[in-house]
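Here is a protein model to go through by question and answer. Please keep the sequence and the structure open beside the text.

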Amino acid sequence: MGLDLKWKELPAVQRRFLFYSAAAATVFLLLLLRLWYLQIIGYEDFQERSVRNRTRILALEAPRGPIFDRNGLLLVDNRPSFKISVMRQDVENRFLLFERLAPLLDVEISELEFRWQQGRRFPIYRPVPLAEDVSREIMERVQEHGVDLPGVLTEVRPVRDDLEHGSAAHLTGYLGEITEAELQSGDFNNYSGGDYVGKTAVERTFDPYLRGEKGQRLVEVDVQGKLLRQLKVEPPRPGNKIYLTLDRDLQRATDDAFGSQSGAAIVLDVNTGEVLAMASRPTFNPALFARGIASEDWRELVQDSRHPLQNKVIAGQYPPGSTFKMVVALAALRAGTISTTQRIDCDGAFEVGGSRYRCWKKSGHGFSDLKKALRESCDVWFYKVGLELGIDKLSAAAKEFGLGFPVGYPMPGERSGVIPTQEWKHQHYNKPWYAGETVITSIGQGFVLATPMQLAVMMAAIANSGKVLKPQVIRQIEDWEGHLLLQANPEVVRQINYSTEAWKAVQDGLVAVVNEPRGTGRAAYLEDVLVAGKTGTSQVIRRKSDEEEELDEKGETPYRFRPHALFLAYAPAEKPEIAIAVVVEHGRSGGSAAGPIVKQIIQRYMELQGEQKGQLQQGRKE
Amino acid sequence: MFDRRLVSHFDWVLLLTVLLLAGIGIVNLFSATASWNSTTTPLYLKQLLWLSGGVLIALIICLFDYRHLEYFAVHFYGLSIGMLVYVLFMGKTTMGATRWIDLGFFNLQPGEVVKIAVILLLARYFGKTANSFGYSLFELLKPTLWLLLPVVLVLKEPDLGTAAMVVSIAATMLLFAGLKRGTLIGLGLIGVLTAVVGWFGLHDYQRARIRTFMNPEADPLGSGYHIIQSKIAVGSGGFFGKGFIQGTQSQLSFLPERHTDFAFSVFAEEWGFAGSLVLLFLYLFLIVWGLYVARRAADRFGLFLAVGVTAMIFWHIVVNLGMVIGLLPVVGVPLPLFSYGGTSMVTTMIGVGLLMNVSMRRFKF
């Protein structure tokens, strides 16, 4: 024992106690330093990571902004779409659940099982959709049985709905699921995969205004991803309200006037360039695209030989036919190659360069002045005038009116048409220009192509004596607090100068077309309003004049060979308000096929103006 | 026979420190398991039961003079080796490791018994062989062999944590006994060599744990998950903590093993740096007090016994805390008095009982 004590009292051993205590303290100090590093220095980082661990953000879709007509009438809106989903975490026995649910939803149990399996790749806090866009009836049925259906949710979300069933589909556009390319383009910053975005027209071009801002639900989850509670909700901000320049009622009338015929029609305000109506026939229902179009519907639309998806107003290129004669007349008056009263003879045909070019009237028109030539659309008269004027002067005049270039329609898809010149032909065909080509260009055939939009802009410029206007489709865009985000102002692209006499001569001729006996546009005649117009019948396929026409069983020209019918008009002639371009594809004759459509549009326009005036007067009285 | 000095010398400080730590541990356990909707007895109550049992055992140990244990140390060592051999062949296997003997009401871990047995045996050896100038390598051959036998058996289970723990305790006692300079260097070399060879003898999961410890972010969902989640829990506690039962990492189950090995992470998350500071201070106090007990011990056996027990508690604390705050690899070592578990509690309390025994018999005659 004594030995024991002696050893213990040795300074070296005593120091060992001290050393061990100090060592333990040092180790604990190290642990404390580490804790300091984690809890004080690293606090923010770890705090954030712990928050990220336990929270998940669920996006709340923003309702897309509605689209109104110029008078505030709804054209495109959202309708509630009911979705039945299931929270996997709340289901104990899914087979029992499916057995109860299947008859309520009118689906097979296997379908529900399939959907469930599909949903397993998502985190458990995300509801799995079992049935989408079900009827209100089914939704209510499911809600009634809610107690027996643990974990089943009924969700409502906004889905795009076209109240006009496609009447203005080519102007308003449609939606589609966002593509990978779009996601990466940077134009769709707040979108994520699976979202729907505007694909065409207004829905596409003004998507940034329409999309709104997504809301968020911040939820707390546990380690299995089980949703525990909602921490925060940021409601979505609905998209802005777009007011188009379109007049819903005029649009309906324009669309209806076509019946089953194909073609395009556009109504412009001659003073502002606003598009009041715009129809491309046949049309489609954008509602089909609201939640992804069925592949058979899509195939049907794409394969339809009458191209329902194409906006023929801006993308359909047609030979303008006799509607081009107005430009020829104006150009010749400016060049001084004719005067307003000069009379030129037509014996039914015209020969140049060894070819014979016939007038539509085989017997000929005899001597005509400008007015008669326009009224009766004498081809020979214009052959001669055009040839004397020359192709380059003629083309220059046409280009002034906005032909041959995009007119500046504010949305994508516009075609530029063709206005040929000698140089143009050299470039495209590497061949010289022939006199005969000037001859047929003078009646809007040959190489000349124009879109209905271009023709309407041209007609508006003739009606307002030279103002070439940029077409407008948006009147204004407002947010829900009433702030104006965008307001369109009329834009004059160009002022064309002709003498007052020249304008008047041509305008008088156009009035005669509709209002005088033997006028080709009599079909558009209206008693209450003076209409000015010009018909056009354009060959679809150029064929040699002597060639025998092949006929179908009924003795008629087959549909695809029938000429397009065109009619340009403005009204009222004394003080023009609207300009119209109508093309009826394969409609045969401008006067008889397109004339009645023009007539209906103007008639409806005047009615609507009358109603508005009436309302105004009533308003004043009150 | 009964000596009144036993009462006057009773180490109240030690007992109170232990009870305080265990009390905090039970409160913490209440929070760690708060989100469990179990129908059986709550874990914190069970732990309270283990603590009561442990205190009882400690008191019983105090009744006998620890010097009698010097004699039984060899028998006890033999018994523990027997248990290790038994467990190797007939033990209960969970998660690829065989560590338990099923006693029906209780799963006995021979690995824990071995710690006490080795402490007793080494205390006996160093108590008997007085050497003022340090031990030579040759003199240490016998205790080294005694040590190696259970260590190899434990590694066979395999239980790297316990093996490392037993070696650490033994090394601490050895260093205290004193070594010749050459012996120290020689042992150091042997240690390094063993580590190199041992690396290849490790199980894949053990190697993965060490690799993951080096770089936990490389495998955040696999073996790195424990460390990352624990660090997030601790770090997000900040200075004052998230509050009792407010720790999101623990309450939402992001923290694994939060009632056992990672109990401290729960505490650090909910009580912050401030709470951790207090807890660490208490633990350090316990260690320093243990060394104080050793210093006042009446004989060399008692001294080494106290050093051994203190080393056992110390290494458990350091390895566990080092693990949960990302300083050491994840080895399944519980935090004494804090982690849930009967074996750990009983082992610790046996150690505490031995300390108290040595402490209250510090008078010389």
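Two chains, in questions and answers

Reader: In which helix is B:Thr144 found?
Author: Helices are DSSP runs of H or I with at least four residues, strands are runs of E with at least two, and both are numbered from the N terminus. B:Thr144 is found in residues 141-156 of chain B, which is helix H6.

Reader: How should I read the numbering and the model?
Author: Residues count from 1 along each chain as its sequence is written, with chains lettered from A and ligands numbered from 1 in the order in which they are written. This is a predicted model, where local features need pLDDT of at least 70, side-chain atom pairs count only at pLDDT 80 or more, and totals for chains, interfaces and linings use all residues.

Reader: How far apart in space are B:Thr144 and B:Leu174?
Author: In sequence, 30 residues separate B:Thr144 and B:Leu174. In space, C-alpha to C-alpha, the separation is 10.0 Å.

Reader: What share of chain B counts as buried?
Author: The C-alpha trace of chain B spans about 55 × 50 × 40 Å along its principal axes. Of its 365 residues, the buried share is 50%.

Reader: Is chain A compact or spread out?
Author: Chain A has 22 helices and 23 strands. For 622 residues the globule rule gives 25 Å, but the radius of gyration of chain A is 36 Å, well over that value, so chain A is more spread out than a compact globule.

Reader: What box do the C-alpha atoms of chain A fill?
Author: In chain A, 43% of the 622 residues count as buried. Taken along the principal axes, the box is roughly 150 × 60 × 60 Å.

Reader: How many Å separate the centres of domain 1 and domain 2 of chain A?
Author: The bounds come from an automatic or database domain assignment. Domain 1 of chain A covers 57-244, and domain 2 covers 248-282 + 316-478 + 490-618. Over C-alpha atoms, their centres are separated by 47 Å.

Reader: Which element gives the largest share of the side of domain 1 that touches domain 2 in chain A?
Author: Residues are in contact if their C-beta atoms, placed from the backbone, lie within 7 Å. Domain 1 of chain A brings 17 residues to the contact and domain 2 brings 15 residues. Helix H7 (169-172), helix H9 (201-205) and strand S10 (241-244) of chain A each supply at least two residues of the domain 1 side. The largest share, four residues, comes from S10(A).

Reader: Which helix of chain A gives the most to the side that touches chain B?
Author: The contact joins 33 residues of chain A and 35 residues of chain B. Helix H1 (2-9), helix H2 (11-41) and helix H3 (43-54) of chain A each supply at least two residues of the chain A side. With 16 residues, the helix that gives the most is H2(A).

Reader: Which residue stands opposite A:Val267 in S12(A)?
Author: Strand S11 (residues 263-269) of chain A pairs with S12(A) in the antiparallel sense over six bridges. In S12(A), the residue opposite A:Val267 is A:Ala277.

Reader: Which residue is the bridge partner of A:Val219 in S9(A)?
Author: Another open sheet, with antiparallel pairing, has three strands in the order S1-S8-S9 (chain A). Strand S8 (residues 215-221) of chain A pairs with S9(A) over six bridges. In S9(A), the partner of A:Val219 is A:Gln230.

How values were computed. Rg over C-alpha atoms; globule rule 2.2 N^0.38 Å. Buried ≥ 20, exposed ≤ 12 C-beta atoms within 10 Å, placed from the backbone. Contact = placed C-beta atoms within 7 Å. Pairing = 2+ DSSP bridges.
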